[in-house]
Amino acid sequence: MKIVFLGGAGQRSSNCLEALIETKKNVRAVVLGKERRKNLDVSKIKSLGAGNKIPVVDDLSLNSAKGLDYVKQIKPDLIILCNYNPLLGDGFLAEFKDKVINLHGGKLPEYRGAYPRNWAIANGEKSGCCSIVKVNPDEFVDAGEVIAERPYTILDHETIKEVIEKDASVYPGLLIETIEKIEKEGKITGRLQEKGTYWHRRTKVDKLIKWNAMTSEQIRNLVRSETHPYEGAWTVYFPSGSEMEKEELEIKLFRVERTEGQNYKGIPGRIIKFPSKEPIVVCKEGSLEIKEIADENGKSLPTSFLKNNSYFIDSF
């Protein structure tokens, strides 16, 4: 079975390509996507390709005539989408109908769309799912038949970093099992999806902490969903009464914890400080201890930067 691997930056993509090589699957080419999240690279994928004499093509649009011709010349039996951007057009998918599968990092049909792992954590889900779906023309990339799926637990303290690592450890084995099933059956089969829920792409506004509208648990989940390696949930800091002349600043929150054994009340967003303790912020319901912060550029700040009786507010 001739395979074309459409990969991108991230641990899942490199782990899956490595598994394909280790199990001696016939990978004829790797094509890397053009859109990549900041601070992620594809050096491991390129190294795997070079070390195993697999062509690795960088920045070739498969929605162009040149890209389509490149894949047609290989005559693949299977095309694997793994962290690949941008979306493939209907022309490409029609040309390779019944040959394209996608590794989607969310439970289906509940978590179609972008950033399913982040959304799941932000929503307080206790489990996630690695899914593999058939990609059909004229459908969303994650709306086709579900070929394979494997759930995993999201523990209460785990962040997006741990969930990414779980995802990356589950997918290689699941992908190999799926390919062997396709080889045995001679076609791609799976369960049809019911009407599902589509989650939009997350932008900066979706990461804004709304102190007057969100409970402490909702804020904690948002911070867990956007911490490293992402850019963090953010808020506006109003250092009332400080030498900074009430200048408003953007602050990123990377780690907060519940205030166990003691609840603090007052105006949502008010920061309270006690000697030898981390700052505490009052929420609409409950309160949180602030453990890790950074400035708007992501440069780490000590939590002592936050002043007693200062405020986080919802917007500039």
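Before counting any holes I wrote down the terms: on a 1 Å grid over the protein atoms alone, a cavity is a set of points where a 1.4 Å probe fits but cannot get out, whereas a pocket is an open set with protein on both sides within 12 Å along at least five of seven lines, and lining residues have an atom within 4 Å of a point. Grid points are joined across faces, edges and corners, and a volume is the space filled by probe spheres set on the points.

I also noted the ground rules: this is a predicted model, in which local features need pLDDT of at least 70 and side-chain atom pairs count only at pLDDT 80 or more, while totals for chains, interfaces and linings use all residues. Residues are numbered from 1 along each chain as its sequence is written, and side-chain values use heavy atoms, with hydrogens and water left out.

**Entry 1, the chain.** I looked up the secondary structure of the protein chain and found 7 helices and 16 strands, where helices (H or I, at least four residues) and strands (E, at least two) are DSSP runs numbered from the N terminus. Along the principal axes, the C-alpha atoms of the chain fill a box of roughly 70 × 35 × 35 Å. Of its 316 residues, 50% count as buried, and here buried means under 20% relative accessible area, exposed over 50%, and partly exposed in between, with a 1.4 Å probe and protein chains only.

I found 1 cavity of 30 Å³ or more, and the largest cavity has a volume of about 30 Å³. Its lining is made by Gly 124, Glu 125, Lys 126, Ile 154, Leu 155, Asp 156, Arg 220, Asn 221 and Arg 224. Sorted by class, that lining has 2 nonpolar, 2 polar and 5 charged residues; Ala, Val, Leu, Ile, Met, Phe, Trp, Tyr, Cys and Pro count as nonpolar, Asp, Glu, Lys and Arg as charged, and the others, Gly among them, as polar.

The largest pocket has a volume of about 1,200 Å³, and I counted 43 lining residues for it, with Asn 83, Tyr 84, Asn 85, Tyr 115 and Arg 201 nearest its centre. At least two lining residues come from each of α1 (11-22), α4 (90-95), β5 (100-104), α5 (116-122) and α6 (160-185), and α6 gives the most, with 5 residues. The classes in this lining are 21 nonpolar, 10 polar and 12 charged.

For the second largest pocket I read a volume of about 360 Å³ and a lining of 17 residues, of which His 157, Thr 159, Arg 255, Val 256 and Glu 257 lie nearest the centre. Here α6, α7 (216-226) and β11 (249-258) each supply at least two lining residues, with β11 giving the most, at 5 residues. By class I noted 3 nonpolar, 4 polar and 10 charged residues in the lining of the second largest pocket.

Helix α1 has 12 residues and reaches 16 Å from its first C-alpha to its last, close to the 16 Å expected at 1.5 Å a residue, the expected span being 1.5 Å times one less than the number of residues. Because 9 of its 12 residues are buried, α1 is largely enclosed by the rest of the structure; Arg 12, Asn 15 and Cys 16 are among the buried ones. Just after α1, Lys 24 takes a positive phi of about 60 degrees.

In α2 (residues 43-51) the buried residues are Ile 45, Leu 48 and Gly 49. They cover an arc of only 100 degrees around the axis, so they sit on the same side of α2, the arc being that of the directions from the helix axis to the C-beta atoms. Exposed Ala 50 and Gly 51 are carried on the face turned away from the buried side of α2.

How many disulfides does the structure hold? I found 0, taking a disulfide as a pair of cysteine sulfur atoms within 2.5 Å. Cys 82 is in no disulfide, and the nearest cysteine sulfur, that of Cys 16, is 4.3 Å away. Cys 82 counts as buried because its relative accessibility is 0%.
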